[in-house]
Amino acid sequence: MNTFPSQTEQHAAVKRPAARASKIIVDSLSKTYTTKSGSFTALDQVSAHILENEFVTLVGPSGCGKSTMLRVLAGLEEASSGSASIAGRRITGPGADRGVVFQSYTLFPWLSVRDNIEFGLELKGTPKLQRLEVSDKYLELVGLTKFADAYPKQLSGGMKQRVAIARALANSPEMLLMDEPFAALDAQTRSDMQELLMNIQKHEHATILFITHDIDEAIFLSERLYVMKSRPGRIVREIEIPAAMRQNKELRDSEPFIQLKREIVDLLHA
Amino acid sequence: METLSNLFKIRGEMSRKAYLATVVGTFAAVFVLWSLLSYSQLVDPTFLPSPGTVGKTFWHSVLSADFWGYVGISSYRVLMGYLFTCLLAIPLGILAGTFKFAEAVLVPLTEFIRYMPATAFIPLIIVWIGLGEPAKIMVIFVGCFFQMLLMVADNARAVSNDLLQASYTLGAGKLQVLRKVLLPALLPELMNTMRLIMGWAWSYLIAAELFAASSGLGFMIIRAQRYLQTDMIFMGILVIGMLGLIIDRLFALLNKKLFPWAEGGR
Ligand SMILES: Nc1ncnc2c1ncn2[C@@H]1O[C@H](COP(=O)(O)OP(=O)(O)OP(=O)(O)O)[C@@H](O)[C@H]1O
Ligand SMILES: [Mg+2]
């Protein structure tokens with residue numbers, strides 16, 4: 001398929017018995033912004049990958065280029081050099097194969113919850129009956145069947161993000177890109193949303209790239225973390241989350257969890 | 001009970017009843033002041049006719065065919081001028097608010113022209129196209145078009161970038177983004193702009209009719225001035241105000257009916 005050098009394939013071969021293919025490959029990607037005070041390197045030679053059905057999270061201090069990287073992958077921003085590809089195809093612009101969930105609420109206010117979820121399908125010209133089937137499924141998945149006909153202004157923040165997730169999934173993208181989707185939510189809602197997302201990943205076999213500032217959240221959700229640093233924005237460490245620790249909130253006070261968390265925090269502050 | 005501190009809360013709420021009561025109260029206060037000043041003869045009736053006189057004049061007018069003819073012709077002029085304005089300013093405004101090139105072509109030039117007083121163009125318009133109906137419609141157009149173009153461009157620019165980007169990531173092409181996102185997103189604000197411009201159109205109509213007309217509400221007012229019929233002037237102004245108010249309320253109603261999804265809502 002692709003001829004990208006060893007790291008990915010080795011990784012897959014050594015650590016995972018049933019080798020998963022790489023969904024996303026980022027190869028020495030750089031992004032430079034030209035500003036009034038000169039040029040600013042937001043991303044410097046970043047290389048990374050995301051496997052099929054993998055949950056990968058980017059953590060790092062504010063301004064280290066997490067959103068920039070996600071936006072390049074979404075096709076909303078152009079790389080200055082290097083490349084990014086999805087399933088072997090080079091990313092050159094936005095497309096329905098990558099669903100994006102933003103931190104800000106981006107539902108279409110003039111559409112009902114159901115029509116929001118069906119938006120991508122309608123663009124494609126999917127017939128009404130089929131659209132209904134899909135929206136029914138995702139309304140149920142995110143627990144908003146009762147709100148199918150509500151307008152976004154009638155929803156709480158958490159509900160809005162659930163619709164945004166459903167809207168992205170209904171398009172059956174190859175992967176989800178999520179930029180701090182739960183940052184604006186209160187602790188309880190946030191925790192519910194994490195559970196929901198884990199459920200979704202299991203049921204939909206979704207490949208997800210996630211961004212968060214919350215280390216607990218990162219450990220709870222991810223199989224792998226990339227820790228980034230700023231000036232210039234770069235990846236400084238890749239951390240594998242032990243399967244036992246993942247998705248297990250009870251372990252939050254255990255020694256290994258605290259150790260892992262400390263390791264990440266130290267990296268961020270070093 | 002509305003407490004005093006509540007009334008002075010920034011962006012505070014008010015019950016609908018209290019709000020309406022305040023509105024009626026303000027109208028009543030102005031009316032009482034007017035009555036006091038006129039009936040007490042504190043002000044010469046030539047300058048300030050009493051409400052009773054104005055009411056009588058209004059009643060006489062309502063019964064005359066001339067008056068309705070004037071209302072008709074004035075409304076016709078406003079509607080035509082307004083229609084042409086909307087037909088041109090809305091698409092051009094959307095273009096200017098959406099494409100940088102269109103902005104560069106349209107906005108600076110429009111900004112420049114907008115500061116030229118439209119009423120000063122009236123003599124020029126008369127020289128160019130004479131005194132007929134087209135001239136009056138043209139005055140309204142010149143007065144409203146440039147303003148409206150800029151306002152619509154602002155409306156289009158105000159559509160959240162996040163919304164556009166979200167639609168791209170859902171697979172929308174450029175045309176789909178324009179038609180299915182930008183346009184619906186800007187409609188409520190566009191309606192507001194249309195509502196404001198309707199007010200402007202009436203002002204320019206009167207200006208046009210004051211200068212050069214032998215019919216219409218503006219003409220009625222200027223003729224009354226010649227004969228010092230202040231009551232008639234008052235009546236004319238009030239009728240124009242009421243027509244404006246009716247149209248404004250219709251717009252507001254339409255806005256509520258068409259855009260139940262919009263936040264806030266006036
Ligand atoms: N359009 C732009 N023009 C100039 N500089 C930009 C632009 N977009 C981002 N940057 C800069 O690039 C850097 C990385 O921004 P980015 O939004 O990717 O950070 P981030 O890691 O997502 O931060 P946060 O955690 O605060 O969201 C920042 O220093 C930012 O100022
Ligand atoms: Mg960010």
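This is a short tour of selected spots in the structure, one selection at a time. Keep in mind that the model is predicted.

**Stop 1: ligand 1**

Start by selecting ligand 1 and the residues around it. The shell holds 13 residues, and the closest are Ser62(A), Gly63(A), Lys66(A), Ser67(A) and Thr68(A). Now look for the polar atoms. A polar side-chain atom of Lys66(A) sits 2.7 Å from an oxygen atom of ligand 1. The backbone takes part in such pairs too: a polar backbone atom of Gly63(A) is 2.8 Å from an oxygen atom of the ligand, and for Gly65(A) a backbone N or O atom lies 3.0 Å from a ligand oxygen. Of the 630 Å² of accessible area that ligand 1 has on its own, the protein covers 64%.

Next, colour chain A by its helices and strands. Which elements each supply at least two residues of the shell around ligand 1? They are strand 1, strand 2 (38-51) and helix 2 (66-74) of chain A. Helix 2 of chain A gives the largest share, with 3 residues.

**Stop 2: Ile24(A)**

Stay in chain A and select Ile24(A), which belongs to strand 1, residues 22-35. Is Ile24(A) buried or exposed? Its relative accessible area is 1%, so Ile24(A) counts as buried. Show what touches it, leaving aside neighbours within four places in sequence: the contacts are Ala48(A), His49(A), Ile50(A), Leu73(A), Ser85(A), Ile86(A), Ile91(A) and Met175(A). Then draw a line from the C-alpha atom of Ile24(A) to that of Gly88(A): these two residues are 64 apart along the chain, and the atoms are separated by 7.8 Å.

**Stop 3: Ile258(A)**

Another isoleucine, Ile258(A), is found in helix 8 of chain A, residues 255-269. Ile258(A) has a relative accessible area of 32% and is therefore partly exposed. Not counting residues up to four places away in sequence, it touches Arg252(A) and Asp253(A).

**Stop 4: backbone details in chain A**

Most peptide bonds are trans, and most residues other than glycine have a negative phi. With that in mind, select Arg231(A) and Pro232(A). The peptide bond from Arg231(A) to Pro232(A) is cis, with omega near -10 degrees. Pro232(A) is placed in the loop between strand 9 (224-229) and strand 10 (234-240) of chain A.

Then move to Asn53(A), in the loop between strand 2 and strand 3 (55-59) of chain A. Asn53(A) is not a glycine, yet its phi is positive, about 60 degrees. With 28% relative accessible area, Asn53(A) is partly exposed.

**Stop 5: chain B**

Switch to chain B and select the loop between helix 1 and helix 2, where Arg11(B) lies. Arg11(B) also has a positive phi, about 55 degrees, without being a glycine. At 81% relative accessible area, Arg11(B) is exposed. The loop between helix 1 and helix 2 of chain B also holds Met14(B), which is partly exposed at 34%.

Finally, select Leu4(B), Leu7(B), Phe8(B), Met14(B), Tyr19(B), Val23(B) and Phe27(B) and show their surface. What do these residues make? Together they make a nonpolar surface patch of about 780 Å². Helix 1 (4-7) and helix 2 (16-39) of chain B each supply at least two of the patch residues, and helix 2 of chain B provides the largest share, 3 residues.

Notes:
Residues numbered from 1 in each chain as written. Chains lettered and ligands numbered in written order. Predicted model: local features only at pLDDT ≥ 70, side-chain atom pairs only at ≥ 80, totals over all residues. Heavy atoms only, no water. Patch = residues over 30% accessible without salt bridge, like charges linked within 9 Å, V, L, I, M, F, W, Y side chains within 5 Å. Areas by Shrake-Rupley, 256 points an atom, 1.4 Å probe, with all protein chains shown as cover. Salt bridge = Lys/Arg side-chain N within 4 Å of Asp/Glu carboxyl O. Helix = DSSP H or I, 4+ residues; strand = E, 2+ residues; numbered from the N terminus. Buried < 20%, exposed > 50% of the residue type's maximum accessible area, 1.4 Å probe, protein only. Contact = heavy atoms within 4.5 Å. Near = heavy atom within 4 Å. Polar contact = N/O pair within 3.5 Å; in protein donor to acceptor, adjacent residues only side chain to side chain.
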